[in-house]
Amino acid sequence: MIINCFRYLNFTSLYQIEILTLREYALRVRAFQLQQIDKEYRMYKQAWLNHQVTLTKEQGKKQVPIYRRFKDFFDYEKHLKEVSKPKILNDKMKRLADLAKQVNSKKEVPYGG
């Protein structure tokens, strides 16, 4: 466990590990494993994209690239616009936002008192 904390979980002191609960350790290991899957996904996606960009189609008697311009392959501006659109909240998200607003507006009471 100690070696894993230093090697994979970016701990820098033994004290941090000594105060770690088993539940927190298990959650951190799970998060690390998910991060690794995300990294692997990005590598495979990059390999797939590298292949896609080299695809050709037959035009008459010769082969021509399917994507003549980078924008044909990836429209950066279009993706930026999609992300910039206001998010539409469904009813459940609206109720949760209202609840969070109510909780956050109440005066905080310090622990133990």
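A residue is called buried here when its relative accessible area is under 20%, exposed when it is over 50% and partly exposed in between, with a 1.4 Å probe and protein chains only. By that scale Gln52, at 14% relative accessibility, counts as buried. The model is predicted, so local features need pLDDT of at least 70 and side-chain atom pairs count only at pLDDT 80 or more, while totals for chains, interfaces and linings use all residues. Residues are numbered from 1 along each chain as its sequence is written, and side-chain values use heavy atoms, without hydrogens and water.

Gln52 lies in helix α3, where helices are DSSP runs of H or I with at least four residues, numbered from the N terminus. The 31 residues of α3 (residues 22-52) should span 45 Å at 1.5 Å a residue, and the end C-alpha atoms are 45 Å apart, which agrees; the expected span is 1.5 Å times one less than the number of residues.

Tyr25, Phe32 and Gln52 are buried in α3, and the buried residues of this helix pack against α1 (2-7) and α4 (70-73). Apart from neighbours within four places in sequence, Gln52 is in contact (heavy atoms within 4.5 Å) with Tyr67 and Phe73.

The whole structure holds three aromatic pairs, meaning rings of Phe, Tyr or Trp (its six-membered ring) with centres within 6.5 Å, stacked if the planes are under 30 degrees apart, edge-to-face if over 60 and tilted otherwise. Two of them are tabulated.

| Pair | Centres apart | Planes | Class |
|---|---|---|---|
| Tyr8 and Phe32 | 5.2 Å | 45° | tilted |
| Phe70 and Phe74 | 6.2 Å | 50° | tilted |

Tyr8, in the loop between α1 and α2 (14-18), and Phe32, in helix α3, are 24 residues apart, so that their pair links distant parts of the chain. Tyr8 is partly exposed at 33% relative accessible area, as is Phe74 at 33%, whereas Phe70 is exposed at 60%.

Notes
Helix = DSSP H or I, 4+ residues; strand = E, 2+ residues; numbered from the N terminus.
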